[in-house]
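Try each task before you read its solution.

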Amino acid sequence: MMGAAAVLALLAERGQTLAAAESLTGGLVAAELTSVPGASKVFRGSVTAYATTLKRDVLGVDGVLLAERGAVDPQVASQMAAGVRDVMGADWGLATTGVAGPDPQDGRPVGTVYVAVAGPAGAGKVAALRLNGDRGEIRRESVRSVLELLHEELRENARAQDTEQNGGN
């Protein structure tokens, strides 16, 4: 997958680091990133917080939010990304949460996925996905989507820095 290599190269150029918080992907994001030679320069590690209590206790996701909305929620994804960034001491955090199937979860249909990115200076974004396919396809597409979201954020972040350095023009 070109996504992982491209993201790692951009981060390496900037001297920035990355960590991942995964739920439905169960370590696939970390596996994708670490399949790239030299990933250790950038990738600090990951937390596979499959259990809701781990999202709260390890990643610092708000317990009330989890109780009210369940783990499949855009705000949960956002807090997971910010939490793993803090826990791992990384510049950027990624997160995946959703329903891979075969059964619905927390009243959410199979294929409901939220991926999130948290970066320096409050940069962050969440994408809501409605994915089709079997469990494996949904998980693979979630990995691709979170890496793509990070790639977009890195490009936007670079443009914002260029604009600042050039006096806002």
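Five bridges join strand 1 (residues 18–22) to strand 3, and the two run parallel. This is a predicted model, where local features need pLDDT of at least 70, side-chain atom pairs count only at pLDDT 80 or more, and totals for chains, interfaces and linings use all residues. Residues are numbered from 1 along each chain as its sequence is written, and side-chain values use heavy atoms, leaving out hydrogens and water.

**Exercise 1.** Find the partners of strand 3.

Solution. Strands are DSSP runs of E, at least two residues, and helices are runs of H or I, at least four, numbered from the N terminus. Two strands pair if DSSP finds at least two bridges between them. Then take strand 4 (residues 112–118): six bridges join it to strand 3, antiparallel. There, G93 is partnered by A118.

**Exercise 2.** Is strand 3 buried or exposed?

Solution. Buried means under 20% relative accessible area, exposed over 50%, and partly exposed in between (1.4 Å probe, protein chains only). W92, L94, T96 and G98 point one way. G93, A95 and T97 point the other way. All are buried. Seven of the seven residues (92–98) are buried, so strand 3 is largely enclosed by the rest of the structure.
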